[in-house]
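Visitor: I have a model to look at and would like a guided tour. Could you take my questions one by one?

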Amino acid sequence: MAFSQGSRTRLSILPEVTFGTTPAGNFTELPFTTHSLNLSKERVTGNDIQSDRMPRVDRHGNRNASGDIVVDLRASNFDSLLESLMFNTWDASPSSLPDELKVGTTLKSFSIEDYLTDIDQARLFTGMVVSQASFSMQPNQMVTTTFSLMGKDMAISASEKTVNAATVNQPFDAYSGDFRIGNHDDTLSALTAVTSIDFTVNNNLNPTFVIGEATTPQMEYGRCEIEGTITAYIEDATLINRFLNETETAFDVSVNDPSGSNEYKFFFPKVKINSADAPLENPQSRLVTLSFVALYDDAAGGEASNLVIYRPDSS
């Protein structure tokens with residue numbers, strides 16, 4: 001009997017119309033690095049005390065699907081997952097400008113198939129929603145993203161779904177982009193001293209278990225909280241003063257692939273710098289690490305969001 005190999009795994013995705021129900025239609029293959037999608041069950045145990053000290057009852061309780069999909073971020077291939085993360089859809093108007101994606105309030109779920117091609121077995125996850133995503137941008141590496149999903153259920157099958165092969169674009173790298181910073185609601189200027197940017201967008205999802213149902217009928221969600229860190233070489237006191245003076249700040253970071261025509265930009269229109277740590281760790285260049293939280297942009301004519309993602313015009 002052959003053992004299934006990780007290199008023979010195919011992951012594919014299909015947006016749902018109704019939460020937890022796989023619609024008709026073809027799935028689309030998803031490029032990925034690793035994933036940890038799984039089904040877990042709560043345990044329900046009896047409380048009786050027996051003179052022989054041994055328990056009698058252990059049952060399975062509520063079912064919950066969850067896990068991470070780790071990817072090298074690239075144009076187009078993960079746009080639907082970004083929509084689920086942002087609870088919104090891409091805005092392609094006007095056609096002369098890049099599409100934009102802001103934080104919204106509409107939950108978007110998927111059916112995801114984990115197909116073991118070498119042994120012809122599939123696990124179908126339903127009602128999967130992006131609960132949070134973590135982004136990492138550093139020199140000499142691809143831009144990595146971890147999509148953390150929560151969902152309704154999982155079933156196993158020996159029949160695969162019909163899957164359309166994806167047009168896989170080249171992954172983004174950090175040295176094909178730019179970083180700009182400035183004050184809130186003001187002009188941004190390039191800063192070429194940044195060594196890394198890491199941030200997480202968290203929707204605070206949870207299942208809503210009810211009596212009479214083994215799986216959640218829907219997901220509940222909280223605030224969209226965005227926090228992260230920026231690490232840069234210390235050139236002067238400018239970045240540290242943003243923390244000391246509690247300066248309302250804005251910044252954006254753009255990434256691209258070798259084609260130069262697939263730029264994605266992450267714009268944080270209003271952030272608060274909450275620390276500026278500058279430890280001395282070695283004789284080489286000094287670094288400062290700034291922690292930040294992204295806030296709703298309430299400026300007149302502002303973005304009305306705490307994050308805006310831009311992609312090339314699709315119209």
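This is a predicted model: local features need pLDDT of at least 70, side-chain atom pairs count only at pLDDT 80 or more; totals for chains, interfaces and linings use all residues.

Visitor: How many helices and strands does the protein have?
Guide: Elements here are DSSP runs, with helices being H or I of at least four residues and strands E of at least two, numbered from the N terminus. The C-alpha trace spans about 70 × 55 × 45 Å along its principal axes. Within it, the protein has 2 helices and 21 strands.

Visitor: What percentage of the residues count as buried?
Guide: Buried means under 20% relative accessible area, exposed over 50%, and partly exposed in between, using a 1.4 Å probe and protein chains only. Of the 315 residues, the buried share is 43%.

Visitor: Which residues have the most contacts inside the largest nonpolar core?
Guide: A nonpolar core is a set of buried Ala, Val, Leu, Ile, Met, Phe, Trp, Tyr and Cys residues joined through side-chain atoms within 4.5 Å. The largest one has 57 residues. A second, separate core of 6 residues includes Phe-19 and Phe-87. In the largest core, the residues with the most contacts are Phe-266 and Phe-268.

Visitor: How many residues of helix α1 are buried?
Guide: Helix α1 covers residues 79–86, and its buried residues include Leu-81, Leu-82, Leu-85 and Met-86. Phe-87 follows α1 with a positive phi, near 55°. The helix is mostly covered, and its buried count is 7 of 8.

Visitor: Why does Leu-101 count as buried?
Guide: Leu-101 is in strand β6, residues 99–102. Contact means heavy atoms within 4.5 Å, and beyond four places in sequence the contacts of Leu-101 include Leu-82, Glu-83 and Met-86, as well as Trp-90 and Ile-309. Leu-101 counts as buried because its relative accessible area is 0%.

Visitor: Which strand gives the most to the lining of the largest pocket?
Guide: On a 1 Å grid over the protein atoms alone, a pocket is an open set of points with protein on both sides within 12 Å along at least five of seven lines, and lining residues have an atom within 4 Å of a point. The largest pocket is lined by 19 residues, with Ala-174, Gly-177, Asp-178, Phe-179 and Val-194 nearest its centre. The elements that give two or more residues are β12 (173–183), β14 (194–202) and β18 (248–256). With 5 residues, the one that gives the most is β12.

Key
Residues are numbered from 1 along each chain as its sequence is written. Side-chain values use heavy atoms; hydrogens and water are left out. On a 1 Å grid over the protein atoms alone, a cavity is a set of points where a 1.4 Å probe fits but cannot get out, and a pocket is an open set with protein on both sides within 12 Å along at least five of seven lines; lining residues have an atom within 4 Å of a point.
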